[in-house]
Amino acid sequence: MTKASPDVISRAGELRDIITEYNYQYYVLDDPRVPDAEYDRLFRELQDLEAQYPDIVTPDTPTRRVGASVETTFEEVVHRIPMLSLDNAFSDEELRDFDRRVRDRLKTEEDIEYVCEPKLDGLAVSLHYESGVLTRAATRGDGYTGEDITANIRTIPSVPLRLRGDNIPELVEVRGEVYMPREGFETLNKRLADKGEKTFVNPRNAAAGSLRQKKPTVTARRPLELCAYSVALEDESRLPATHWEGLQQVGAWGFRINPEMRRATGAEDCLQAYNELMDKRASLPYEIDGIVFKVNSLALQRQLGFVSRAPRWAIAQKFPAQEELTVIEDVEFQV
Ligand code: NAD
């Protein structure tokens, strides 16, 4: 193993500090200081350095963590199953590499079936239902501990307070993305600007800021929506065999699931799904920042497992940056 030079050690330390600060601004204050593309570049630079020189990895490195520590405004909720992040692919080649790694781990040359889902740009929430009734909602937080936002979640019209239909388990957790459609975002910002209040940088921040309001009455006035993208049961034996079927079940319970989702077999078909979604991107009523590919078979997902901050059975292929932050003030760290 090559030993890291003092320059590499110092650059890695600098990157850790910068990324930790940006995480705080983004996840805790809902007030990003740099465009996502810039953040992603720095994050990848640190990941590459750590891959090349594993001895420079520190226990607190942001590349092994999800989100940022939670604030104390809300009650803490410990997630039964951690809410992880997703690895990113920034090119077709990186997507093909991901598919190759999946097949290598599964020791198969067969094409893998994936579910391709638009990556909504909002924030992840976990919803618990007991005997079909919504009992608790939480943010992702640092992946292990989130914030109890039940009162705020209840104000979102597309969140079922009671599940519909039959086949309702005793305990079920549904996860999804809370987001703000473009039109609602523009109307909200206009309303804030007219009142001389601070506007939001993008719909993602508007959604995060609206959901983490101390007063549910404020959240209730914000145009938020929820789209479900996964389901977990206490009794795993009652889950269907595939992620796709799980999503259909969630839809039947009364959740919105994304109509743009489709299945793809093998990497080339996934890349076609990427291009199709890219073509539709501008016409969608909400912002997406990429596409998520998930191994469809739940048995294969279990076999693949997780690494520190993301599952091995899923990846997000990012779209090119759409908007850049227009004003960047008070940037503490220059890179
Ligand atoms: P991520 O956004 O890359 O991916 C994980 C998240 O995707 C999940 O938590 C979930 O909320 C979301 N998601 C949307 N659709 C989904 C679907 N169909 N299935 C599963 N998940 C879905 O990871 P992250 O950890 O939330 O955030 C990292 C990203 O946030 C960075 O890549 C960067 O773009 C941005 N960021 C920006 C700054 C900044 O200062 N600008 C700071 C921190 C993070």
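Which residues touch the most other members of the largest nonpolar core? In this predicted model, they are V125, V178 and A207. The core holds 39 residues. Seven listed elements give two or more residues to it, including the strands β4 (123-130), β5 (133-139), β7 (171-179) and β8 (225-233). The helices α5 (182-194), α6 (203-211) and α8 (243-252) also contribute in this way. A207 illustrates the packing. Beyond its neighbours within four places in sequence, A207 is in contact with G122, L123, V178, Y179, M180 and L224. A second core is separate and has 21 residues. Among them are F98, A264, Y274 and F293. In soluble globular proteins, nonpolar side chains tend to be buried together.

The overall fold was examined next. The secondary structure consists of ten helices and eleven strands. Of the 335 residues, 34% count as buried. The C-alpha atoms fill a box of roughly 60 × 60 × 40 Å along the principal axes. The radius of gyration is 20 Å. A compact globule with 335 residues would have a value near 20 Å, so the two agree.

The protein is divided into two parts: domain 1 (6-64) and domain 2 (76-318). Their centres, taken over C-alpha atoms, are separated by 24 Å. Five residues of domain 1 are in contact with eight residues of domain 2.

Definitions and conventions. Residues numbered from 1 in each chain as written. Predicted model: local features only at pLDDT ≥ 70, side-chain atom pairs only at ≥ 80, totals over all residues. Helix = DSSP H or I, 4+ residues; strand = E, 2+ residues; numbered from the N terminus. Rg over C-alpha atoms; globule rule 2.2 N^0.38 Å. Buried ≥ 20, exposed ≤ 12 C-beta atoms within 10 Å, placed from the backbone. Domains from an automatic or database assignment. Contact = placed C-beta atoms within 7 Å. Core = buried A, V, L, I, M, F, W, Y, C linked by C-beta atoms within 7 Å.
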